[in-house]
Amino acid sequence: MQVVHTGADWNKYWLESIKNDKSIGFVPTMGALHEGHMDLVRKAKAESEIVVVSIFVNPTQFNSLEDFNNYPSTIDEDLDKLKNEHVDFVFIPNADSIYIEKPKLSINFGDIETVLEGAFRPGHFNGVGIVVSKLFNIIKPHKAFFGQKDLQQTGIIRRLVKDLSMDVQLVIVPTRREEDGLAMSSRNVRLSPEEREHALILINSLAKAKQELLASKPWFEVQNQIKYDFEEMPSASLEYFELIHPESFASYPDFDASQKSSICVAAYLGKIRLIDNLPIIP
Ligand code: AMP
């Protein structure tokens with residue numbers, strides 16, 4: 001496994017790979033790797049001849065300096081995990097090499113960034129769009145692998161690839177969960193034992209809402225009950241719990257079994273913000 005730090009370094013290996021007609025799979029991450037990330041890596045290994053994983057905590061996609069400064073970093077463990085999966089290259093740039101200058105370009109994703117994560121994290125998707133574009137331009141992968149856990153992010157990247165005619169195929173990998181159902185996230189290690197237990201309210205609410213919708217309970221009743229459940233849990237603070245179309249991310253006023261739908265949730269447990277989603281009609 002080769003660790004590379006700059007685009008110029010990677011270019012030498014890239015040229016070699018292309019000359020040998022090898023397909024390149026790319027998994028962008030912010031490190032603090034868990035089994036959810038490793039599912040993406042395994043999928044990339046299965047579908048590509050050369051796998052590149054990037055580890056870069058992108059400052060421009062954070063809304064809070066505190067969140068950025070406290071983002072977990074476990075680089076030695078990360079490298080061990082990647083080596084065990086026989087990853088070919090790990091790209092670990094420093095922020096100065098990615099942002100030689102502060103970008104003047106900004107990306108407006110239209111309606112999709114005015115809802116859910118877009119509404120609660122202003123500028124977040126601009127930061128994601130710019131860094132993913134930079135990483136795609138540097139790595140030049142044939143395929144790139146993203147998690148369904150960040151459902152709206154997959155929509156943003158699909159838009160980016162389509163609107164800018166990027167020559168990369170996106171592969172979306174299902175959410176990996178802990179045994180009790182909590183979606184794996186690098187931020188979970190920052191939860192206190194009590195918050196960790198209470199964090200189950202996210203997946204439990206999604207599962208309960210799904211069951212009730214499929215049993216024909218009106219959405220506004222389901223949503224109100226869930227909001228009430230969150231209010232009853234003092235360590236949890238709900239930001240949104242919405243029934244949406246999983247590509248446009250527009251909210252549905254009510255459930256319609258003939259339309260694709262997912263429920264998306266974001267909530268704080270103490271100071272830690274977690275998100276999750278569940279497909280209702282895939
Ligand atoms: P991050 O390091 O949080 O930026 O995530 C890097 C990639 O891993 C993104 O495409 C995420 O959607 C994906 N990912 C994060 N958590 C999970 C999970 N629990 N299951 C599947 N993919 C995940």
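Predicted model: local features only at pLDDT ≥ 70, side-chain atom pairs only at ≥ 80, totals over all residues.
Biologist: Why is Ala-144 called buried?

Modeller: Buried means under 20% relative accessible area, exposed over 50%, and partly exposed in between, with a 1.4 Å probe and protein chains only. Ala-144 has a relative accessible area of 0%, so the residue counts as buried.

Biologist: What makes strand E5 largely enclosed by the rest of the structure?

Modeller: Strands (E, at least two residues) and helices (H or I, at least four) are DSSP runs, numbered from the N terminus. Strand E5 covers residues 143-147 and includes Ala-144. Five of its five residues are buried, so E5 is largely enclosed. Lys-143, Phe-145 and Gly-147 lie on one side, and Ala-144 and Phe-146 on the other.

Biologist: How do you know that E5 pairs with strand E2 and with strand E6?

Modeller: Two strands pair if DSSP finds at least two bridges between them. E5 and E6 (residues 169-173) are paired in the parallel sense over five bridges. Ala-144 stands opposite Phe-26, and its bridge partner in E6 is Leu-170.

Biologist: Which residues is Ala-144 in contact with, leaving aside its neighbours within four places in sequence?

Modeller: Contact means heavy atoms within 4.5 Å. On that basis Ala-144 touches Phe-26, Phe-136, Val-168, Gln-169, Leu-170 and Val-171.

Biologist: Why does Gln-61 count as buried?

Modeller: Its relative accessibility is 10%, which is under the limit for buried residues, so the term applies. Gln-61 is found in the loop between strand E3 (50-55) and helix H3 (65-69). An unreviewed UniProt entry places the feature "binding site" at Gln-61; UniProt positions follow the numbering used here, feature names are shortened, and annotations may be inferred rather than shown by experiment.

Biologist: What makes the link between Gln-61 and Asn-58 a polar contact?

Modeller: A polar contact is a pair of N or O atoms within 3.5 Å; within protein, one must be able to donate a hydrogen and the other to accept it, and residues adjacent in sequence count only if both atoms are side-chain atoms. The side chains of Gln-61 and Asn-58 are joined at 3.0 Å, so the distance lies within that limit.

Biologist: Which residues come nearest to the ligand?

Modeller: A residue is near a molecule or strand if one of its heavy atoms lies within 4 Å of it. Of the 16 residues around the ligand, Met-30, His-37, Asp-150, Arg-176 and Met-184 come nearest. An N or O atom in the side chain of Asp-150 is 2.6 Å from an oxygen atom of the ligand. A backbone N or O atom of Arg-176 lies 2.8 Å from a ligand nitrogen atom, and one of Gly-147 lies 2.9 Å from a ligand oxygen atom.

Biologist: What order do the strands of the open sheet have, and why do E7 and E9 stand at the edges?

Modeller: The three strands have the order E7-E8-E9, with antiparallel pairing. E7 (236-244) and E9 (272-281) each have a single partner strand, so one side of each is left without a neighbour in the sheet.

Methods:
Residues numbered from 1 in each chain as written. Heavy atoms only, no water.
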